[in-house]
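Dear colleague,

I am passing on the structure we spoke about, and would be glad if you could look it over before reading my notes.

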Amino acid sequence: MVFWIVFDFHLLKKIDQRTCIKFCVKNEIKCADAFRMLTVAYGEDTLDRSNVYRWYKMFSEGREDVNDEERAGRPSTSTIDEKIN
């Protein structure tokens, strides 16, 4: 039996950046400075400014989890019956 592990590298980069944002909050680094550091580290793959500020605010308010919240509905990777046919 073969198991394939598929990594979503885009998701991993987002989670890495959220971890960096959380670190900045805990070390009282201003959000604007955190955004500049992320831009240097991740270049074109940096989260957009509004997302950085949104995550910074959530971590400032006590959030600990760097993962997205569960959402209702079918995942975007699910199969649609029309596509199977």
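Below are my notes on one helix and on the cysteines.

This is a predicted model, in which local features need pLDDT of at least 70 and side-chain atom pairs count only at pLDDT 80 or more, while totals for chains, interfaces and linings use all residues. Residues are numbered from 1 along each chain as its sequence is written, and side-chain values use heavy atoms, with hydrogens and water left out.

Helix α2 covers residues 31-42, and its 12 residues reach 16 Å from the first C-alpha to the last, close to the 16 Å expected at 1.5 Å a residue (the expected span being 1.5 Å times one less than the number of residues; helices are DSSP runs of H or I with at least four residues, numbered from the N terminus). Buried in α2 are Cys31, Ala34, Phe35 and Leu38, where buried means under 20% relative accessible area with a 1.4 Å probe, protein chains only. Seen down the axis of α2, these buried residues fall within an arc of 100° and so line one face of the helix, the arc being that of the directions from the helix axis to the C-beta atoms. They pack against α1 (9-26) and α3 (49-60), and just after α2, Gly43 takes a positive phi of about 55°.

Taking a disulfide as a pair of cysteine sulfur atoms within 2.5 Å, the count comes to 0. The sulfur of Cys24 lies 6.9 Å from the closest cysteine sulfur, in Cys20, which is too far for a bond. Cys31 is likewise in no disulfide, the nearest cysteine sulfur, that of Cys24, being 8.6 Å away. Cys24 counts as buried at 6% relative accessibility, and Cys31 is buried with a relative accessible area of 8%.

Conventions: Helices (H or I, at least four residues) and strands (E, at least two) are DSSP runs, numbered from the N terminus. Buried means under 20% relative accessible area, exposed over 50%, partly exposed in between (1.4 Å probe, protein chains only). Contact means heavy atoms within 4.5 Å.
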